[in-house]
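This report describes selected strand pairings and helix arrangements in a predicted model. The structure is shown first, and the description follows.

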Amino acid sequence: MKLGIIGTGMIVTDVLNAIEDLLVEKIYIYGRSEDKASLFNEKYHLDGYFTDYDEILDSDVDTIYIALPNYLHYEFSKKALLKDKHVIIEKPITSHYEELKELKEIAFQRHLIIIEAMNLHYLPGVLSIKDNLSLLGDIKIVNLNFSQYSSRYNAFKEGVILPVFDYHKSGGALYDLNVYNIHFVIDLFGEPEDVYYYPNIEKGIDTSGILIMDYPRFKVIAIGAKDCKAPVMNTIQGNDGNIVVDKAISQMTSYSLSKNNKEEIKYQFDTQKHRLYYEFKEFIRIIDKQDYQTVSKMLEISSIACRVMEKARQVSGIVFDADKEKK
């Protein structure tokens with residue numbers, strides 16, 4: 001893989017630390033700020049940097065990783081696909097389901113790979129939960145809470161609207177934090193029958209909210225908050241037992257499984273690997289082997305998640321389009 005990283009935000013630092021031991025032939029970086037791009041290039045001993053997106057697309061990279069604010073995912077990904085590059089897109093993959101459909105069609109026509117960077121699908125802990133889920137019997141309640149007070153919330157309250165809190169730029173708690181809970185649930189259980197969203201809205205954006213995902217035989221409560229914090233606790237409850245994860249799913253290194261009236265079993269996983277290591281190891285394999293079967297499976301999860309979040313937005317009155325006023 002010859003990788004072009006698009007963006008210079010915090011997630012890029014995580015990715016570069018995660019992939020340092022993986023077999024990536026070349027790594028370039030693009031940033032609008034030459035100072036930032038050159039700093040990353042020097043610090044991580046990369047193969048070069050660009051401040052012009054067209055130039056990095058015209059280079060010898062074969063894969064583009066989009067690590068930009070949410071509202072830019074579609075535009076930059078489409079341009080990369082039309083230059084015959086594989087594309088890895090940070091979560092959420094697109095702001096609108098129709099955008100994702102178009103990107104998938106372009107990728108299919110050009111025999112390219114497009115995939116969402118949602119690390120939890122590849123974590124050993126999540127794979128283990130999927131294996132053990134049947135031990136819980138009939139699932140009754142799933143309760144997930146990812147509440148993390150944002151360092152940008154204080155600025156937001158003072159009127160400084162950064163992308164993560166900007167409804168023009170696909171911000172908000174649903175798309176920034178609850179997206180992890182949504183992906184986890186869909187990976188385990190598929191598409192829900194219905195979706196309800198009860199957000200706390202400030203200045204047109206959800207700073208926190210409660211999402212209800214309705215399945216025929218059980219219910220899911222998914223909380224995402226950027227305006228307050230709480231101990232992270234995730235539970236899956238069945239009539240034969242329960243699973244408890246005491247970290248955000250995307251950061252989990254352990255969980256406990258308790259059968260009714262039996263002792264708790266603790267599952268512990270490697271804490272030496274960076275949380276993004278497993279997904280990028282798989283991305284390299286998928287692209288090198290042209291594994292379209294796995295891509296199709298992961299894109300189905302991304303598509304369902306996109307539809308769930310879009311419906312949640314619609315039923316709660318959140319508008320993402322820059323050319324529309326908040327209703």
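In what sense, parallel or antiparallel, do strand 13 and strand 14 (residues 264–268) pair, and over how many bridges? The pairing of strand 13 with strand 14 is antiparallel and runs over five bridges, and Ile265 in strand 14 is the bridge partner of Leu257. These two strands form a hairpin with four residues between them, and within the turn Asn261 has a positive phi of about 60°.

Strand 13 (residues 254–259) also pairs with strand 12 (residues 241–245), again in the antiparallel sense, and in that pairing Lys259 of strand 13 is the bridge partner of Gly241. Strand 13 is mostly covered, with five of its six residues buried.

| Strand pair | Sense | Bridges |
|---|---|---|
| Strand 12 and strand 13 | antiparallel | four bridges |
| Strand 13 and strand 14 | antiparallel | five bridges |

Turning to the helices, helix 6 (residues 124–132) packs against helix 8 (residues 173–189) at an angle of about 40°, the two axes lying 10 Å apart, and the crossing of helix 6 and helix 8 is right-handed. On the side of helix 6 the contact involves Val126, Ile129 and Lys130, which meet Phe184, Asp187 and Leu188 in helix 8. The residues of this contact divide into four nonpolar and two charged, with no polar ones.

Helix 10 (residues 292–316) has 25 residues, and the distance from its first C-alpha to its last is 36 Å, close to the 36 Å expected at 1.5 Å a residue. Just after helix 10 comes Gly317, which takes a positive phi of about 80°.

Technical notes:
Residues are numbered from 1 along each chain as its sequence is written. This is a predicted model: local features need pLDDT of at least 70, side-chain atom pairs count only at pLDDT 80 or more; totals for chains, interfaces and linings use all residues. Side-chain values use heavy atoms; hydrogens and water are left out. Axes are lines fitted to C-alpha atoms, for helices over the stretch in contact, and angles run from 0 to 180 degrees between N-to-C directions. A crossing is left-handed if the near helix is turned anticlockwise from the far one by less than a right angle, and right-handed if clockwise. Contact means heavy atoms within 4.5 Å. Ala, Val, Leu, Ile, Met, Phe, Trp, Tyr, Cys and Pro count as nonpolar, Asp, Glu, Lys and Arg as charged, and the others, Gly among them, as polar. The expected span of a helix is 1.5 Å times one less than its number of residues. Buried means under 20% relative accessible area, exposed over 50%, partly exposed in between (1.4 Å probe, protein chains only). Two strands pair if DSSP finds at least two bridges between them.
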